[in-house]
Amino acid sequence: MEILRTPDSAFDNLPGYKFQPSYFQLRDLRMHYVDEGKKDATETVLLLHGEPSWSFLYRKMIPPLAAAGYRVIAPDLIGFGKSDKPSDPEFYSYQSHLDWLKEFFLGLDLKNVTLFCQDWGGLLGLRLAAENSERFSRIVAANTFLPTGDIPPKEDFLKWRHFSQNVKRLSIGTIVKNGCVSDISKEVVAAYDAPYPEEKFKAGARKFPALVPITPDDPASEANRKAWENLKIWKKPFLLTFSDSDPITKGADIFFRRLVPGTKGQKHVTITNAGHFLQEDKGEELAEVIQRFISENP
């Protein structure tokens, strides 16, 4: 198996992405992250991306959150963005992704964290928060869920899963473009493609859909059920900012509102005219929502 690393030159002159790279060394892999704002800030905002995006997705949100006085951390999951990319799909599992993220999170010793998570950012971030609740102050969940396989998946997701595992060429930028309501430019599409100069760099992106638990006996199902038990007693502020145009996660916000005590009394927001990748469609608006949420829930 190769451990692939995208050349730095692939990331030159990306639109709106001028952040200084930071790297965290895992045991065998290098994980990239954006670290903006005051390093000694009392509040940290952790932004977790999903499939098949990378920290470029947060370029509209990072500057205003940093300007508001927060430390803002946006990692690239292993297999994505500027992070290392093992070429063997079998190297990736739900638990390995969580282990890498946890090692990174604890290695930076992050505390008093507000989590913003979308897509797989939620599948990982909600587990991370549930298992390390003392380090988190608040959660903002958008277009995500924490599946256990006990509820049958939507047909839209099964179609996407089948497509991702069988298509000859996985067009990352086009997938993101098709998941937006706004008409993103060819330069932005190219930026989402930038980490993947060859198909072999996409093993992590291709494997993610197959790792979502869709049956009760999935290897990740029991751990996710235990995480739900913690979320069912989560009384810290928990905000939902789902978009109005995402067929994959539509309705999942209702489950959170029914099951997570911390959602009670919060000013939940529906982000209008936004698709699955609402950070791309309405990143500036999301940043404002997060700032308001933190200030109203000190």
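The model is predicted, so local features are described only where pLDDT is at least 70 and side-chain atom pairs count only at pLDDT 80 or more, while totals for chains, interfaces and linings use all residues. Residues are numbered from 1 along each chain as its sequence is written, and side-chain values rest on heavy atoms, with hydrogens and water left out.

Let us begin with the record. An unreviewed UniProt entry carries the annotation "domain: AB hydrolase-1" for residues 44–282. In the model, the span 44–282 is 38% helix and 12% strand, and its end C-alpha atoms are 21 Å apart. Helices (H or I, at least four residues) and strands (E, at least two) are DSSP runs, numbered from the N terminus.

Now for the helix pairs. Two packed helices are described by the angle between their axes and the distance between the axes. Each axis is a line fitted to C-alpha atoms, for helices over the stretch in contact, and angles run from 0 to 180 degrees between N-to-C directions.

Take helix α2 (residues 94–107) and helix α3 (residues 120–131): their axes come within 10 Å and cross at roughly 60 degrees. The two helices are therefore oblique to each other. In this scheme, angles under 35 degrees count as roughly parallel, over 145 as roughly antiparallel, 65 to 115 as roughly perpendicular and the rest as oblique. The crossing of α2 and α3 is right-handed. A crossing is called left-handed if the near helix is turned anticlockwise from the far one by less than a right angle, and right-handed if clockwise. On the α2 side, the residues that meet α3 are Tyr94, Gln95, His97, Leu98, Leu101, Lys102 and Phe105; on the α3 side they are Trp120, Leu123, Leu124, Arg127, Leu128 and Glu131. Contact here means heavy atoms within 4.5 Å. By class, this contact has 8 nonpolar, 2 polar and 3 charged residues. Ala, Val, Leu, Ile, Met, Phe, Trp, Tyr, Cys and Pro count as nonpolar, Asp, Glu, Lys and Arg as charged, and the others, Gly among them, as polar.

Another pair to find is helix α4 (residues 155–166) with helix α7 (residues 203–211), which pack at about 145 degrees with their axes 9 Å apart. Here α4 passes α7 in a left-handed crossing. From α4, the contact draws on Phe157, Trp160, Arg161, Ser164, Gln165 and Asn166, and from α7 on Arg206, Pro209 and Ala210. These residues divide into 4 nonpolar, 3 polar and 2 charged.

Helix α7 also holds Ala203. With a relative accessible area of 7%, Ala203 is buried; the term means under 20% relative accessible area, while exposed means over 50% and partly exposed lies in between (1.4 Å probe, protein chains only). Not counting residues up to four places away in sequence, Ala203 touches Pro86, Ser87, Asp88, Pro89 and Tyr92.

For a look at a strand, find His32 in β3 (residues 30–36). His32 is buried, at 0% relative accessibility. Its contacts, again leaving aside residues up to four places away in sequence, include Tyr17, Tyr23, Asp76 and Lys82. Ser55 is also touched by His32; the two are 23 residues apart in sequence and 9.2 Å apart in space, C-alpha to C-alpha.

Finally, some backbone details. Most residues other than glycine have a negative phi, and most peptide bonds are trans. Asn112, in the loop between α2 and β7 (113–118), has a positive phi of about 50 degrees. Asn143, in the loop between β8 (136–142) and α4, has a positive phi near 50 degrees. Asn112 is partly exposed, with a relative accessible area of 28%, whereas Asn143 is buried at 0%. As for the peptide bonds, Glu51 and Pro52 are joined by a cis one, with omega about -10 degrees. You will find Pro52 in the loop between β4 (44–48) and α1 (62–67).

Terms used. UniProt positions are given in the numbering used here, feature names are shortened, and annotations may be inferred rather than shown by experiment.
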